[in-house]
There are 2 protein chains.
Amino acid sequence: MAITIKDVAGRAGVSVATASRVLSGGRRVSPELADRVRESARELGYRHNAVARALRHGRTSSVGMIVPEIGNPFFPSLVEAVERTLSESGRDLLLCDAQQDPSVELRRARTLMARQVDGLIVIPVSASASRAALDEVASRLPVIQLDRFVTDYLGDWVGVDDALGISLAVEHIAALGSRSVAFVSAEPECSSAQQRLRGFTEATQRMGLLESGDRLLGEFSAGWGRAAAQKLLAGPSLPDAVVCGNDEIAVGLLGEFRRARVRVPDDVLVTGFDDIRFAALADPPLTTIRQPHEVIASECIRLLDARMDDADLPAQRIAIAPSLIARESTGSVS
Amino acid sequence: MAITIKDVAGRAGVSVATASRVLSGGRRVSPELADRVRESARELGYRHNAVARALRHGRTSSVGMIVPEIGNPFFPSLVEAVERTLSESGRDLLLCDAQQDPSVELRRARTLMARQVDGLIVIPVSASASRAALDEVASRLPVIQLDRFVTDYLGDWVGVDDALGISLAVEHIAALGSRSVAFVSAEPECSSAQQRLRGFTEATQRMGLLESGDRLLGEFSAGWGRAAAQKLLAGPSLPDAVVCGNDEIAVGLLGEFRRARVRVPDDVLVTGFDDIRFAALADPPLTTIRQPHEVIASECIRLLDARMDDADLPAQRIAIAPSLIARESTGSVS
DNA sequence: CACAGCTTGGTAAACGATTACACCGCTCGG
DNA sequence: CCGAGCGGTGTAATCGTTTACCAAGCTGTG
């Protein structure tokens, strides 16, 4: 068995209470005893047992996080930012992957609750089907929705202003002279998809642009971007610009356009969303909407802490403005 | 306060022992009492407390994992596979990011130990500087090194056979007629970089290829790929092929070649390593070495479990063969 | 000089679950 | 008819820590 505080106390010739006070800084302890305890702990290689401490305190100093699918290149950067922010206050992250499945998401939420995490950060898989998990958790724990939210669910949320982001993209291509524009995104299953769609509709109307072709809604993947490009190519004429719901779609689309010898940006402008690591490396480099991960993560933790402080705080929804990163896919920089 | 097993027992009119036996299946309990307990638990919305259970059992049913940098696109897929594999046996993953810094890595290892994880999976940041963390942990916990390993460290490891992978790439480009080949990779700071470098040296010698230009060693990033491409372009002549240490480097290199109007594969062949999500979407699609994540993850957990079973098992090093994925960057499929 | 008040240490009770052990009442075999 | 054995239940110890409470000793003041 590992060294416990009892062993440390024994070797130092003090009671466990004193040892505990020295090691986790409760009350004052006389210098000589404190030294003896520290020395003894060092000699024995004592390490505190966070499980026992958590049981006693009723807090684990850990936060759970459920992500729809960690393999999706946008989420790791958010996870990284959250993990870093938490570590600044000495807390750890328990990460779970929902495998894009609301029932897995619910199971994960339950095990995280069982592990007594102090709070939960959820990027919901679905705007509707994730409600069950959130409801169940929220009755017992502080929960913050990150990035995406559940429709009509009254809870805290922090994320990027998706509609604004898309409108930045639309304004950008309009300013470059585009008159007709297509939208390739995901079915409005999660809030991001919904808000981006709404943002697109509103912005195009506001700016008096022609919507060319149907809105092509599939999923947030390069494969869908490819398929959508084929649909566009099969149509009577290409739009002046294609606004994509995320970068993966845009990258897939660019690949298909390239294969079909459609030149970007000469023949058609293309924009993405998220500014994932590879957006700048695409061919051509992708104009996109950047999400400020660090800000989003730190607002998320701030909100979580506020909620932990006061469960009766009114729900907050914090939408953070993204920014447009102009690259060659919308302008001949070369 | 939350509902405890005491509340459940009280409401069902039985002792906590009986309630516990019903709820976590210890000894047999008479059907009527069992029903009463289950009913009472349901009515009260009882959820067990995994912290208390862990303290009692001395096991947490959780595994820690330390990753050099979750933002690096190769790691999330490994994390995903590990998480899924663990969840099959009802265990959770505590994920930590080492921020590419061995001292952060050590701190993370310590907090994971404090949390009493049942085992630890480490992708070491450095082949030398990560030793301290591993030594400290290994004396108390089962540890498996994943993907990378520490030099001369006697511990379990599971990963891909890096040298073999590179030799696959070299043989591939040799078979396509290349006579001169450059190697662009990272400084041999971690074992992957070391093994890939060794694999390159051995394979080129074995096949009698000319090594063109110096080996260009920087870091595993697209930025370095770009810089390396510029160095190659500045040289007297391009090699027939460039073998890259990973996909990010290759993608950066492709971008720079494109800008310089060097045609791939016509003027020069390029290969990557890892088969990250974006490899197939690069321009041209990247020939690369695929790592079988699922196999690696499941072998990793198998080894971890074996180690947990018997701490005295001799150390195992499991190198899994990768496979070559041929795409257009080494052949004019179009 | 006596006593209030402060400091410092120890004793023991939590935290929530599991489980060794004791006990009770039944059944069944001799 | 008695005792052994067994199935089912409760009591209480336990996991490692923190901390409320208590006691003892010391200081300083009226």
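**Cavities and rings in a predicted model**

Modeller: Welcome! In this predicted model, the count comes to four cavities of 30 Å³ or more.

Biologist: What makes a space a cavity here?

Modeller: A 1.4 Å probe fits at its points but cannot get out, so the space is called a cavity. The largest cavity has a volume of about 120 Å³.

Biologist: Which residues lie nearest the centre of the largest cavity?

Modeller: Of its 14 lining residues, those are Phe74(B), Arg196(B), Phe220(B), Asn246(B) and Asp274(B). By class, the lining has five nonpolar, three polar and six charged residues.

Biologist: Let's turn to the rings. Why is the pair of Phe149(B) and Trp157(B) called edge-to-face?

Modeller: The ring centres are 5.1 Å apart, and pairing asks for centres within 6.5 Å. The planes stand at 80 degrees, and the cut-off is over 60, so the pair is edge-to-face.

Biologist: Why does Phe149(B) count as buried?

Modeller: Phe149(B) has a relative accessible area of 13%, and buried means under 20%, so Phe149(B) is buried. Trp157(B), at 5% relative accessibility, also falls under 20% and therefore counts as buried.

Biologist: How do you know that Arg196(B) lies over the face of Phe273(B)?

Modeller: Arg196(B) is at 3.8 Å from the ring centre of Phe273(B) and lies over the ring's face. The distance rule asks for within 6 Å, so that value passes; the rule also needs a position within 35 degrees of the ring normal. In chain A, Arg317(A) lies over the face of Phe149(A), at 4.3 Å from the ring centre.

Technical notes. Residues numbered from 1 in each chain as written. Chains lettered and ligands numbered in written order. Predicted model: local features only at pLDDT ≥ 70, side-chain atom pairs only at ≥ 80, totals over all residues. Heavy atoms only, no water. Phe/Tyr/Trp six-rings, centres within 6.5 Å; stacked < 30°, edge-to-face > 60°. Buried < 20%, exposed > 50% of the residue type's maximum accessible area, 1.4 Å probe, protein only. 1 Å grid on protein atoms, 1.4 Å probe; cavity = no way out; pocket = protein on both sides within 12 Å on 5 of 7 lines; lining within 4 Å. Points joined across faces, edges and corners; volume = space filled by probe spheres on them. Nonpolar A, V, L, I, M, F, W, Y, C, P; charged D, E, K, R; others polar.
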